[in-house]
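Hi,

Here is the model I promised to pass on. Have a look at it first, and then read my notes below.

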Amino acid sequence: MSKQSYRVCFCFRRRFRVLAAEAPADVKNLFNRYSDNGVMSVENLHRFLIEVQKEENATLEDAHAIMNNLHDLKILNIFHRRGLHLDAFFKYLFADINPPLNSKLGIHQDMNAPLSHYFIYTGHNSYLTGNQLSSDCSDVPIIQALHRGVRVIELDIWPNSAKDDVEVLHGGTLTTPVALIKCLKSIKEHAFTVSEYPVVITLEDHLTTALQAKTAEMITQTFGDMLFSSDACLKEFPSPESLKRRVLISTKPPKEYLQAKEVNETGATKGTDQTDTEAWGREVSDIKARYNDKDDSDEGEADDSDEEDPTSQQNTAPEYKRLIAIHAGKGKGGLSDWLRVDPDKVRRLSLSEQELGKAVVTHGKEIIRFTQRNILRIYPKGIRFDSSNYNPFNAWTHGAQMVAFNMQGYGRSLWLMHGMFRGNGGCGYVKKPDILLKAGPNNEVFDPEANLPVKTTLKVTVYMGEGWYYDFEHTHFDAYSPPDFYARIGIAGVDADIVMKKTKTLEDNWIPTWDEQFEFPLTVPELALLRVEVHEYDMSEKDDFAGQTCLPVSELRQGIRAVPLHNRKGEKYNSVKLLLRFEFI
């Protein structure tokens, strides 16, 4: 326990007592139930793991391991070897060794299905350090994305000014280029740092035939045996398991080089950085939001409508074409033709977020059938100059595998992306649920807007939070008093499951104890993400951000768990966490 002083005016200071974290009443009651004479033995801890934490396969050795961990963390000392006292039990529940997702599970999903059966962690314009119009191009954001587990890297490739080499840049903008070879070497070095599963490089090609040949040579020399390629279109995609530590190239059979259009200075000014409000204060857009034709700008994404144009094929360097493992393109005709499933070959189709929004209204079922065999990539609309993102659930609920995001940005949409790919050991591949992969008895497919029965209800008890005192300056939230925290808890998923709820605000308290319960009925828990945010109430200005996380509901561990919070960019705080209880009822 300590005291803090806050200056109110030149001659007056307010003093506040900072109390140590205290176990909530529910934790005290559970300790009393599973302890004798104020001590919880290894045997009683084992019972607690099975009955309260719902760890049905927990063994006595697991309970011993927890005790040993607590000794290693200096939570238990030599005088408490026979069991846990209340303070040690509480500290165990609030420790990093009690996370909401089971780290021991690792990569636990079947990885032997075709690539089209997985959601794949996908970047958009992966080389940009900031906005889409005037930021630098670099290999640094590519490396950062790979270290986060991103498995699809996008590169826009253009001739350099001398027309004798290949650069990566966002064409028709003021972005400064980076050499393609530098990006390729960085991908090779960092591709499998956090995941052994395949990396896909999607190329947006604006090259001459000669530079295509040079690009093919660079790719071949850089990746060597790591490269997976096919002389013909694949009849079925290989599995992630069969492609471990392999690199795949995905692009359309390229067209003749098109000269970049120049952008004027007035256009570049639209690429200013996000304001603080835009970065985190805006709620995730409604999946059903109307799509305005005026906003349907797909600048920055090359038109891929002439996949089968024989003239295009003649202008393609053969050694470049042979590298393409995942062929992309829309083909001729309209949306119905684009979504036609070919039993003899698989391919990748790209749609903007706007195109998808319109397509799901008229062709929702066809999209889901298409994605059962083929790959659908969704990318941000062209007017997102600030590198913001969109609600990914319209794509995920229709089976789209590659939902391309600007990883250098931040905001609630990106937090959902982080949450989805915390699943399956963070390997960058999450198996799509069976409802998106299999037709029903009458050959019907999943309808994300159908009125479905509730499958389960998630009950969340929000006990308390701590750690801000250690990670922030004492005047960070309020210059005149300790912070006034509240938490927001909710679900992202299909429309029927979406909801956000809020705790009460606790004034002047670095260690808020809300002790509130919330229930979330879920119709499609397989696609649901739990959203958690903490804010600090500010009467005169916008509330301050105090942490967030997003977790896949299907992988939540029942029981009382320590849930670490992250900053706006998705980086975990050193100390800030919440104590929550999860129950499926």
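Let's start with the aromatics: W468, Y469, Y470, F472, F477, F485, W510 and Y573 are linked into a cluster by ring pairs. Rings of Phe, Tyr and Trp (its six-membered ring) pair here if their centres lie within 6.5 Å; planes under 30 degrees apart count as stacked, over 60 as edge-to-face and the rest as tilted. The structure holds 19 aromatic pairs.

Before I go on, a word on the source. This is a predicted model, where local features need pLDDT of at least 70 and side-chain atom pairs count only at pLDDT 80 or more, while totals for chains, interfaces and linings use all residues. Residues are numbered from 1 along each chain as its sequence is written, and side-chain values use heavy atoms, with hydrogens and water left out.

Back to the rings. Y118 and Y429 have ring centres 6.2 Å apart and planes at 80 degrees, so they make an edge-to-face pair. Y118 lies in strand β3 (residues 118-120) and Y429 in strand β14 (residues 429-431), so this pair ties together parts that are 311 residues apart in sequence. Both Y118 and Y429 are buried; buried means under 20% relative accessible area, exposed over 50%, and partly exposed in between (1.4 Å probe, protein chains only). F477 and F485 are edge-to-face too, at 5.2 Å centre to centre with 80 degrees between the planes, and both are buried.

Two lysines sit over ring faces. K431 lies over Y118, 5.9 Å from the ring centre, and K501 lies over F520, 5.1 Å from the ring centre. The rule for a charge over a ring is that NZ of Lys or CZ of Arg is within 6 Å of the ring centre and within 35 degrees of the ring normal.

F485 also brings us to strand β16 (residues 485-492), where eight of its eight residues are buried. F485, A487, I489 and I491 point one way from β16, and Y486, R488, G490 and A492 point the other way. In a regular strand the side chains alternate between the two faces of the sheet.

What does β16 pair with? Strand β19 (residues 529-536) runs antiparallel to β16 and is joined to it by eight bridges, with R488 opposite E533. Strand β17 (residues 499-502) pairs with β16 in the antiparallel sense over four bridges, and there I489 stands opposite K501. A hairpin of six residues joins β16 to β17. Strands count as paired if DSSP finds at least two bridges between them.

On the cysteines, the count comes to zero disulfides, a disulfide being a pair of cysteine sulfur atoms within 2.5 Å. For C137, the nearest cysteine sulfur is that of C183, 8.2 Å away. C137 is buried, with a relative accessible area of 7%, and C550 is buried at 1%.

Finally, the overall picture. The protein has 17 helices and 22 strands, which are DSSP runs (helices H or I, at least four residues; strands E, at least two) numbered from the N terminus. Buried residues make up 57% of the 585 residues. Of the contacts (heavy atoms within 4.5 Å) with a separation of 6 or more, 74% are between residues 24 or more positions apart. The protein exposes about 25,500 Å², of which carbon and sulfur atoms supply 48%; the areas come from the Shrake-Rupley method with a 1.4 Å probe, and for residues only the protein chains shown count as cover.

Cheers
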